[in-house]
Structures are given as structure tokens and as C-alpha cells.
Amino acid sequence: MQLRYAMTGVAVVLSLAGCQRTTYDNASYSSPAPLTAQPVPSVQGGQLPPPAGASQFPAAPTAAPATPGQPGAMAANALDVTKESMVGSWRVNGSCDMFLTLTNLGSGSRGGTRGCVGELTAMGSWEVAGKQVLLKDRSGNPIGSVYKTADNSFSGQTSTGQPITLSR
């Protein structure tokens, strides 16, 4: 039993021996020599030449691009729509589902369908343009548009004329 106490005492003494405080004598250490400055070439000033190929850009469009459907007819009875109010799950034509998120995808937001037929199977994104909601394929090409007719109800058509109704 006493051997165990002796061994424990020796272990404690050895472990405490490793916990010494060490101090450094600042006089024995010297700071490194300062670096010498390098010469810097003179800076030249002047006018930059115009960017190469600046004339290759097309002229800005003067009219709004055409959207699928009949925008004039939609604007007559369309209600205001916000992007945030569109987020979530929608029933399309009473037979399939459309899911709209706020995750950016190109110029619009990510979206998709489940169980739909026709052009809507290729839907990959959407965006709000005025009072319309533009539906786009995965390449960003418009495949249809809808407009708000009532709370939680939208009507419109695909670019080939297939009617679309969204409801919750």
C-alpha cells in the first residue's frame, strides 16, 4: 500500500517539475534588421484607349420584348402580383403541381412541375413581369404566362395556346 503512495508522490513531483515557469531575457534577443526600401518605377498617366470591340455590342432594345399569350387582354383584368405571394405549391389545371421558390436561376427564380403534360414539363424558372408571371424552361426561354384573377387564382396560357390555371 505504501509503495502505491510513494509511486503516486513520485508521479506528482515529476509532473510538477515539468510545469516550471520560464522567462526570457530580452537582452539576449535582438530584433531583425530593418528591410531596405526598393525603388519604385515612376507612374505614368494618360488617357486609355477605347475598349477593343466596343462597337460589337448591339443597340439597346426600344420596345419591351413580346411575352407569350395576349398581354393586352391580361392587363385589363389582371390584379397586382408580388414575387413573394407566388412562392409555394400550386395546383395546375386541377391535375398536376407547380412549385415556385425564391432561389435565383438566371434572370428568374427556380421552379418546376410534377405530373404535368405538354410544355409545362420543361418548366425550370419563373419571374414576375408587371402584372404577369412568366414561366420559363430550363434554358430561360418563355413557355407561358399567367396573371392574377383573384386571391390564390391565376389564369393564362402556354406559348402554344394551352390554357393554364393555378390555384391553391
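Which side chain meets that of R114 in a salt bridge? I opened my notebook with this one, and the partner is D97, at 3.1 Å from N to O.

**Ground rules.** I am working with a predicted model, where local features need pLDDT of at least 70, side-chain atom pairs count only at pLDDT 80 or more, and totals for chains, interfaces and linings use all residues. Residues are numbered from 1 along each chain as its sequence is written, and side-chain values use heavy atoms, with hydrogens and water left out.

**Salt bridges.** I took a salt bridge as a side-chain nitrogen of Lys or Arg within 4 Å of a carboxyl oxygen of Asp or Glu. By that rule I find four salt bridges in the structure.

My strands (E, at least two residues) and helices (H or I, at least four) are DSSP runs, numbered from the N terminus.

I then looked up accessibility, calling a residue buried under 20% relative accessible area, exposed over 50% and partly exposed in between (1.4 Å probe, protein chains only). R114 is exposed at 52%, whereas D97 is buried at 14%. I also noted that salt bridges with shared partners join R91, D97 and R114 into one network.

Next I checked D80, which forms a salt bridge with K131, the closest N and O atoms being 3.8 Å apart. This pair links distant parts of the chain, 51 residues apart: D80 is in the loop between α2 (71-77) and α3 (83-86), and K131 is in the loop between β4 (123-129) and β5 (132-137). D80 counts as exposed at 60%, and K131 is partly exposed at 35%.

For K136 and E127, I find a salt bridge with the closest N and O atoms 2.5 Å apart. Are these two residues buried or exposed? Both K136 and E127 are buried.

**Rings.** I paired rings of Phe, Tyr and Trp (its six-membered ring) if their centres lie within 6.5 Å; planes under 30 degrees apart count as stacked, over 60 as edge-to-face and the rest as tilted. The count comes to one aromatic pair. The ring centres of W90 and F154 are 5.2 Å apart and the planes stand at 90°, so I logged the pair as edge-to-face. W90 is in strand β1 (residues 88-92) and F154 in strand β7 (residues 153-158), 64 residues apart. W90 is buried at 1%, and F154 is buried at 2%.
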